[in-house]
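Biologist: Before we go through this model together, I would like to learn how each kind of feature is to be read, with the general idea given ahead of the particular case.

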Amino acid sequence: MGGPGSSPCASCKLLRRRCAKDCIFAPYFPPDDPHKFAIVHKVFGASNVSKMLQELPVHQRADAVNSLVFEANARVRDPVYGCVGAISYLQNQVSQLQMQLAVAQAEILCIQMQQEPNLQSHHQILELDQDDKILLLHNNIDNCNNNSNNNLGYAMSSRQFNSNFASPNSMQMQMQMQDPLKQESLWT
Amino acid sequence: MNPKRCAACKYLRRRCPKDCIFSPYFPPGDPDKFACIHRIYGAGNVSKMLQQLPVQTRAEAVESLSFEAKCRVEDPVYGCVGIISLLQTEIQKTQTLLARTQAEIAVAQAKHSQNPS
């Protein structure tokens with residue numbers, strides 16, 4: 001915390017003002033990391049960040065600051081898409097993996113059906129010709145597609161995001177934030 | 001002067017000039033879009049951001065800012081970073097399942113090649 005005798009926090013240093021004892025920024029913007037506040041200030045503005053923090057219970061402010069820093073960094077690196085670029089990229093990855101999984105699951109099903117001795121007596125079911133296998137595969141992929149978004153690249157409106165992920169409100173917000181906030185490799 | 005003010009100038013209660021930087025992206029019929037962006041970023045910051053971008057990329061920038069602002073309003077702690085976290089978890093889960101299924105395929109194929117029927 002700031003105050004007489006102690007070093008002003010990074011925010012008050014940047015804003016060139018006295019760092020009050022109850023400075024809202026001081027716990028989250030230590031003086032040894034000036035870049036952290038600078039980037040948040042550049043994207044969101046100090047007064048907006050202050051307002052946002054004031055509206056949050058104290059125990060949630062650290063996470064909020066970390067996510068704001070993450071978003072601000074993303075926006076500076078990619079001024080057009082910001083975090084949305086990363087979301088689009090990850091969404092694409094999820095779609096591709098789900099397709100691969102559908103293919104693999106169809107394949108294992110085929111193998112199991114061919115190898116299962118009990119079913120081999122029922123020729124109508126088991127003699128899967130090429131068309132049946134393709135149908136099985138397509139059914140698997142369709143089931144997979146119902147839950148995934150096939151849009152590639154960023155051509156999405158916020159409504160499309162919401163329809164695929166449910167709105168942020170309905171998501172589990174108790175997740176751990178440390179890992180995603182440290183995964184800078186998304187943009188390297 | 002633009003006779004019909006854009007949503008931004010309406011919200012800011014000011015004249016909407018002919019070269020208003022906001023007006024192409026904030027039509028008067030959608031006041032919430034600018035209100036949300038203004039709440040999170042502030043008009044001045046958005047204006048600065050747009051001025052620094054080539055004109056052809058500004059529409060996309062506004063859409064992404066709008067999405068992020070909406071996420072932040074709905075989730076004041078994590079914003080859209082919450083979505084990123086969920087996606088990463090989903091990727092890890094799917095990768096694990098895929099690896100397991102591929103291993104099952106390999107085992108089944110090995111079994112089949114050992115005992116061809």
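Modeller: Let us begin with burial: a residue is called buried under 20% relative accessible area, exposed over 50%, and partly exposed in between, using a 1.4 Å probe and protein chains only. In chain A, buried residues make up 42% of the 188 residues. This is a predicted model, in which local features need pLDDT of at least 70 and side-chain atom pairs count only at pLDDT 80 or more, while totals for chains, interfaces and linings use all residues. Residues are numbered from 1 along each chain as its sequence is written, chains are lettered from A and ligands numbered from 1 in the order in which they are written, and side-chain values use heavy atoms, with hydrogens and water left out.

Biologist: Which secondary structure elements does chain A contain, and how are they defined?

Modeller: Helices (H or I, at least four residues) and strands (E, at least two) are DSSP runs, numbered from the N terminus. By that reading, chain A has nine helices and zero strands.

Biologist: How should I read the angle between two helices, and at what angle do helix 5 of chain A and helix 4 of chain B pack?

Modeller: Each axis is a line fitted to C-alpha atoms, for helices over the stretch in contact, and angles run from 0 to 180 degrees between N-to-C directions. Angles under 35 degrees count as roughly parallel, over 145 as roughly antiparallel, 65 to 115 as roughly perpendicular, and the rest as oblique. Helix 5 (residues 83-115) of chain A packs on helix 4 (residues 55-74) of chain B at an angle of about 85°, with the axes 9 Å apart, which means that the two are roughly perpendicular. With contact taken as heavy atoms within 4.5 Å, A:Cys83, A:Val84 and A:Ile87 meet B:Ser64, B:Phe67 and B:Glu68 there.

Biologist: How do helix 4 of chain A and helix 4 of chain B cross, and which residues meet?

Modeller: The axes of helix 4 (residues 58-77) of chain A and helix 4 of chain B come within 13 Å and cross at roughly 175°, so these helices are roughly antiparallel to each other. On the chain A side, A:Ala64, A:Ser67, A:Leu68, A:Glu71 and A:Arg75 take part, and they meet B:Ala61, B:Ser64, B:Leu65, B:Glu68 and B:Arg72.

Biologist: Is A:Glu71 buried or exposed, and what does A:Glu71 touch?

Modeller: A:Glu71, which is found in helix 4 of chain A, is buried, with a relative accessible area of 1%. Not counting residues up to four places away in sequence, A:Glu71 touches several residues, including A:Phe44, A:Cys83, B:Tyr41, B:Glu68, B:Arg72 and B:Tyr78.

Biologist: Where does A:Arg16 lie, and what is its phi?

Modeller: Most residues other than glycine have a negative phi. A:Arg16, in the loop between helix 1 (10-15) and helix 2 of chain A, has a positive phi near 55° and counts as exposed at 78% relative accessibility. In chain B, B:Arg13 lies in the loop between helix 1 and helix 2, has a positive phi of about 55° although it is not a glycine, and counts as exposed at 75% relative accessibility.
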